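The sequence and structure are shown first, and the account then begins with one residue.

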Amino acid sequence: QIEEYILRIFISINDKNIFPDYPGKKFFDSIKILNLQLKELGDEFGLLFEDLPYWGTNSGFYFTSSRWKDYLIGFEFEGNWGSSFFGGIRKIDNNSPRITDKSIGQKLGMTEEAAPYWPYWFWFEENYSNWDKKLIGELKNGNFLAVIKKHVERMLPALNELEKEWTLPD
């Protein structure tokens, strides 16, 4: 809890531009840029971008659509402080219908075993799996955004198709 409190102080300092520089400023500035880029990417595909704080487990960002009732495209950290980054198709909640994990795995060539909230997921390649200083440059130059776009483009048609299959009649 104390780490989260300290992080919130740094975020507040950054938002109010109290100090011209401090430890972590480049990271927070890069995250702001990334969020703007991800919002634009969502707009490009007709999706809504939602982000969670980039610390703690189960934090990350998502793309949703009014067409999707039960699933979304998500990118999360399994570990704390930007570690063990993965992406995939995530259930919105426990009330989402149970799907045949094999169907989505087959459509997208899944190599991992399905998880309760993630019928399809994958680990990010080493350059992007743990967010550290070297990733800041990737955030600024757009390389990371290109990787996210590639994954969204790959998952989007499958999710649209599968969401239709999974929708239960009223």
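Asp43 is partly exposed, with a relative accessible area of 47%; buried denotes under 20% relative accessible area, exposed over 50%, and partly exposed the range in between (1.4 Å probe, protein chains only). The model is a predicted one, in which local features need pLDDT of at least 70 and side-chain atom pairs count only at pLDDT 80 or more, while totals for chains, interfaces and linings use all residues. Residues are numbered from 1 along each chain as its sequence is written, and side-chain values use heavy atoms, with hydrogens and water left out.

The partner of Asp43 in a salt bridge is Lys39, with 3.2 Å between the closest N and O atoms. A salt bridge here is a side-chain nitrogen of Lys or Arg within 4 Å of a carboxyl oxygen of Asp or Glu. Both residues belong to helix H2 (residues 25–45), where they are four residues apart, about one turn of the helix. Lys39 is likewise partly exposed, at a relative accessible area of 44%.

## Salt bridges between elements

The whole structure contains three salt bridges. Side chains of opposite charge can pair when their charged atoms come close. Lys149 and Glu44 form one of these bridges, their closest N and O atoms being 2.9 Å apart. Because Lys149 lies in helix H6 (residues 143–166) and Glu44 in helix H2, this pair ties together parts that are 105 residues apart in sequence. Lys149 is partly exposed, with a relative accessible area of 27%.

Glu76 and Arg90 also meet through their side chains in a salt bridge, at 3.0 Å from N to O. This pair links distant parts of the chain, with Glu76 in strand E3 and Arg90 in strand E4 (residues 85–91), 14 residues apart. Glu76 and Arg90 are both buried.

## The sheet

Five strands make up an open sheet in the order E1-E2-E3-E4-E5, with antiparallel pairing; two strands pair if DSSP finds at least two bridges between them. At the edges are strand E1 (48–51) and strand E5 (120–123), each of which pairs on one side only. The twist from one strand to the next averages 15°, where axes are lines fitted to C-alpha atoms, for helices over the stretch in contact, and angles run from 0 to 180 degrees between N-to-C directions.

The antiparallel strands E3 and E4 are joined by seven bridges. Tyr71 is placed opposite Lys91 in E4.

## The loop at Ser65

Ser65 occupies the loop between strand E2 (59–64) and strand E3 (71–77). Ser65 is buried, at a relative accessible area of 8%. Its side chain reaches the backbone nitrogen of Arg67 at 3.1 Å.

## The chain as a whole

The protein chain has six helices and five strands; helices (H or I, at least four residues) and strands (E, at least two) are DSSP runs numbered from the N terminus.

Of the 170 residues in the chain, 45% count as buried. Among contacts (heavy atoms within 4.5 Å) between residues at least 6 apart in sequence, 51% join residues at least 24 apart. The chain exposes about 9,800 Å², of which carbon and sulfur atoms supply 53%; accessible areas come from the Shrake-Rupley method with a 1.4 Å probe, and for residues only the protein chains shown count as cover.

Notes:
A polar contact is a pair of N or O atoms within 3.5 Å; within protein, one must be able to donate a hydrogen and the other to accept it, and residues adjacent in sequence count only if both atoms are side-chain atoms.
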